[in-house]
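I am opening a notebook on this structure. The entries below record what I looked up, one topic at a time.

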Amino acid sequence: MSLWLAVFLGLLGASSALYKQWVPDTNFNNQTNWDPERVPCADDRVVFAPHKKVAVFVQALHSILEMMSGVKWTSPRLMMIIMSTVSVLKRGSQPVCPQTLPLDGEILLAPDSGLVASAGRDPGCEGGQTVSFKDSDRWQWFDPPLWQAADSSEGLERGNFLFSVHEESVPCQTDDVVFRGDSSFRVDASSDRPLVPLRSLSVLGQRFLSDAELTRYLRSRLGQLQIHGDSAPQVSGAGCGDPTGCECGNSANHERICAAVRQRGPCPQLDCKKPLRPAGHCCDICGAIVMLQFSPDFRLDSYRQRLQHLFLAQPVYRAVRMAVSKVSRPRWLLGLIPRQGPPQIQVALLDPEPGSGPGAVAESLAHSIVEDALSQGWHLGITQAELQASSDSGSGSDGGVVAGAVIGVLLLLAALLLLGFLWRRGTIRMPSLPSWRKGDDIEDLGGPADIGFDNPMFDKPDGGPSADGLYGVDALNTVSFTQSGVHFSNPAYDETDFNA
Ligand SMILES: *[C@@H]1O[C@H](CO)[C@@H](O)[C@H](O)[C@H]1NC(C)=O
């Protein structure tokens, strides 16, 4: 036990966290921010909606005819502000028009940048229009395509982006969030929880690892312009302490995330026999899902890298999109009651274009991954691998039982036995059940049933079974759950939080 602890502590700090970078910006230079969609030029009038808040980052020198002003622009902490430039822009004769700048806004100037007033005659600019800054409040934090993920900050810079299921495209609780240094942004962080937990958050090159500092920043003028909404990011500074990986923690916002996905359009039409729905994804896919059970020796980080180098680097698989994550899939107690299962590693694989085909390439990759798990599982810390493919017609899993075959068999046996108890009386009275044969593994798993604690779900005030209906709901009243003394948990009856 102490050895395990030592191993575990030694690996604290190993992290399976990813870097997630926010994509949209509110930059002056980005034509997508303007209506009509072009960067204002020398003959243009620039207009900001008066009731919107925004910080606008200006890179390079822009000359524009006029920026309607009337609002005081104050100085942000990090950059120079253009109070004086704005005054210059109010070319003497023009009237001040308070309705065309945001009530609260800032212009952030990169070094050697600025807005200058033009004489209004620029042959390169065929504008002469009024160009308006688009609604700055339209970006939601929990909107998957607005994030890019990489396994390092270099990966972000090089553009080595990782594919993720929808829930994990949005920053997870152990992720490092990056807002690009050369841009301004505005994001609505409203969540179904009061806080949005993260490992760290970087803004304009400054990285926040302590929550006190971040809170101070978010209350600053610039902070309020950048991140708004009902919830606020909270940083822990600590990554995933579990070397076997951490769950993303975004399932509380699943509906919010999927609503954002659906708002962009319906899920792609699929043409495979059996579409699959990976845990944490909002749409069905054609391809394959590999579910892995793991031992404490498993390392999510290095396993993800292994799959990337061993398989995705091969030309035939290069286009396959792969999402590796730790997930808990709900298990169904008696097919009725959802219970959280033990965490597993999910490898979701899909062919490049959604709806492009039956996912055959992804599927053959999945077979290779299962083979790899079968042959190398003992040193990768994988105890069991199960494959679901969208070409399957039947129940859909050919399993590979690896080093932990014994455990798998025990789990199955125990699950069947316990299921039997539930259907019978909900108590473990071996001798009175003639068809039962009591084995050692039962002892381990079930424990002494009579002193087990009552399942709070079926708590009964009078403390005893009042009806003898063997298969009715009443039979559930006496179900006893006991702590298992063994080191693996029973997937069907894991004593975990019911809500999660
Ligand atoms: C401009 O903004 C769009 C959407 O916000 C973003 O996808 C794109 O990367 C930006 N372009 C540049 C050059 O930053």
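This is a predicted model: local features need pLDDT of at least 70, side-chain atom pairs count only at pLDDT 80 or more; totals for chains, interfaces and linings use all residues.

**Entry: two helices**

I looked up helix H8, residues 300-312, and helix H9, residues 360-380; they pack with their axes 12 Å apart, at an angle of about 130 degrees. Angles over 145 degrees would count as roughly antiparallel, and 65 to 115 as roughly perpendicular. H8 and H9 are therefore oblique to each other. I recorded the crossing of H8 and H9 as right-handed.

I then listed the residues that make the contact. From H8 they are Tyr-303, Arg-306, Leu-307, Leu-310, Phe-311 and Leu-312. From H9 they are Leu-365, Ser-368, Ile-369, Asp-372, Gln-376 and Leu-380. Sorted by class, the contact of H8 with H9 has 8 nonpolar, 2 polar and 2 charged residues.

**Entry: disulfides**

I searched the whole structure for disulfides, and the search finds 5. I looked at three of them in turn, starting with the link of Cys-172 and Cys-248.

The S to S distance between Cys-172 and Cys-248 is 2.2 Å. This link is left-handed, with -95 degrees about the S-S bond.

Next I took Cys-240 and Cys-246, which form a disulfide with their sulfur atoms 2.0 Å apart. Is each of the two cysteines buried or partly exposed? Cys-240 has a relative accessible area of 2% and is buried, whereas Cys-246, at 23% relative accessibility, counts as partly exposed.

Then I turned to Cys-258 and Cys-282, a disulfide with its sulfur atoms 2.1 Å apart. The torsion about the S-S bond is about -85 degrees, so this disulfide is left-handed. Cys-258 lies in helix H7, and Cys-282 lies in the loop between H7 and strand S18 (287-294), so the pair ties together parts that are 24 residues apart in sequence. I noted Cys-258 as buried, and Cys-282 as well.

**Entry: a serine in a loop**

I found Ser-164 in the loop between helix H3 (153-158) and H4. Is Ser-164 buried or exposed? The cut-off for buried is under 20% relative accessible area, and Ser-164 has 11% relative accessibility, so it counts as buried. Leaving aside neighbours within four places in sequence, I listed Ala-149, Ser-169 and Ala-323 as the residues in contact with Ser-164.

**Entry: backbone**

I kept one general point at hand here: most residues other than glycine have a negative phi, and most peptide bonds are trans.

Which residues does a cis peptide bond join? I found such a bond between Asp-35 and Pro-36, with omega about 0 degrees. Pro-36 lies in the loop between strand S2 (34-35) and strand S3 (45-47).

I also looked up Leu-204, where phi is positive, near 45 degrees, in a residue other than glycine. I placed Leu-204 in the loop between strand S14 (200-203) and strand S15 (206-208). At 13% relative accessibility, Leu-204 counts as buried.

Terms used. Residues are numbered from 1 along each chain as its sequence is written. Side-chain values use heavy atoms; hydrogens and water are left out. A disulfide is a pair of cysteine sulfur atoms within 2.5 Å. Buried means under 20% relative accessible area, exposed over 50%, partly exposed in between (1.4 Å probe, protein chains only). Helices (H or I, at least four residues) and strands (E, at least two) are DSSP runs, numbered from the N terminus. Axes are lines fitted to C-alpha atoms, for helices over the stretch in contact, and angles run from 0 to 180 degrees between N-to-C directions. Angles under 35 degrees count as roughly parallel, over 145 as roughly antiparallel, 65 to 115 as roughly perpendicular and the rest as oblique. A crossing is left-handed if the near helix is turned anticlockwise from the far one by less than a right angle, and right-handed if clockwise. Contact means heavy atoms within 4.5 Å. Ala, Val, Leu, Ile, Met, Phe, Trp, Tyr, Cys and Pro count as nonpolar, Asp, Glu, Lys and Arg as charged, and the others, Gly among them, as polar.
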